[in-house]
Amino acid sequence: MCVTNQLQIPSWKQDLISGYQEFRSGAYKTQRGEYARLGTDGQNPEIMMVACADSRVNPSAIFHAHPGELFTLRNVANIVPPFENEKGLHGASAAIEYAVLSLKVKAIVVMGHESCGGIQCYLEGEQELADTDFIGEWIQLLSDAHGRLTEAERAPAVAQTNLEYAGILQSLENLMTFPFVAKAVQAGELSLLGAYFSIIQGKLLFADENGIFQEISSEKIGL
Ligand SMILES: [Zn+2]
């Protein structure tokens, strides 16, 4: 009977169970105390991460973050929409509001990435997306970012990477349209940072003050 039940478990569900069991016998063993404390005392993360929903770009893995360290918002193409006055179901804006006003994070990092499907959809203008309920309209938020690019930067060979970068910079600008974000930044209580992850090479870049993405050393210093 038991064997029959096991055979009926779909592979994706078995993967979840196996992963959980691996977690319990691995990382959780050393983090048990952290989980217990965080569960009792609440979270107090210093960093909010806005990242793409893409399965290949996991902020906790890239930054080797422990539980409680990254308050993370993930959506298609790591987009921060501009502030809107109209009442509505603004999921991204609600997360940002909570991070800044309640958690009082010290930094918001917008992390884009290489080979982003959302960026690719925008550039290719895939017709089938025009008829979707949500994603077609969502990626139209990239039109401001696209407007930042010069004609040369829109050339097919380089457009994907350039729009990935521009999308991050546009999201940082959009963050500043939220009055509580602008106020915290101007008070020196909040910093904004653009980041980019190259999936193929496993490399991380940060945007400098001029919006140019610079590679971060992967070597530990002082060892
Ligand atoms: Zn993506």
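Predicted model: local features only at pLDDT ≥ 70, side-chain atom pairs only at ≥ 80, totals over all residues.

How many bridges join β4 to strand β5, and do the two run parallel or antiparallel? Four bridges link β4 with β5, which spans residues 203-207, and the strands run antiparallel.

**Strand pairing**
- β4 and β5 form a hairpin with four residues between them, and Gly-202, located in the turn, has a positive phi of about 65°.
- β4 also pairs with β3, in the parallel sense and over seven bridges.
- Ala-107 stands opposite Ser-191 in β4.

**The largest nonpolar core**
- The largest nonpolar core contains 41 residues, and Val-50, Ile-108 and Met-111 are among those with the most contacts inside it.
- Elements giving two or more residues to this core include the strands β1 (47-52), β2 (70-75), β3 (107-113) and β4 (191-198), as well as helices such as α10 (156-175).
- β1 provides the largest share of this core, namely six residues.
- Beyond its neighbours within four places in sequence, Met-111 is in contact with residues including Val-50, Pro-59, Asn-78 and Tyr-196.
- In soluble globular proteins, nonpolar side chains tend to be buried together.

**Domains**
- The domain assignment divides the chain into domain 1 (1-42) and domain 2 (43-215).
- The centres of domain 1 and domain 2, taken over C-alpha atoms, are separated by 30 Å.
- Five residues from domain 1 and five residues from domain 2 take part in the contact.
- On the side of domain 1 that touches domain 2, two residues are nonpolar, two are polar and one is charged.

Conventions:
Residues numbered from 1 in each chain as written. Domains from an automatic or database assignment. Contact = placed C-beta atoms within 7 Å. Nonpolar A, V, L, I, M, F, W, Y, C, P; charged D, E, K, R; others polar. Core = buried A, V, L, I, M, F, W, Y, C linked by C-beta atoms within 7 Å. Buried ≥ 20, exposed ≤ 12 C-beta atoms within 10 Å, placed from the backbone. Pairing = 2+ DSSP bridges.
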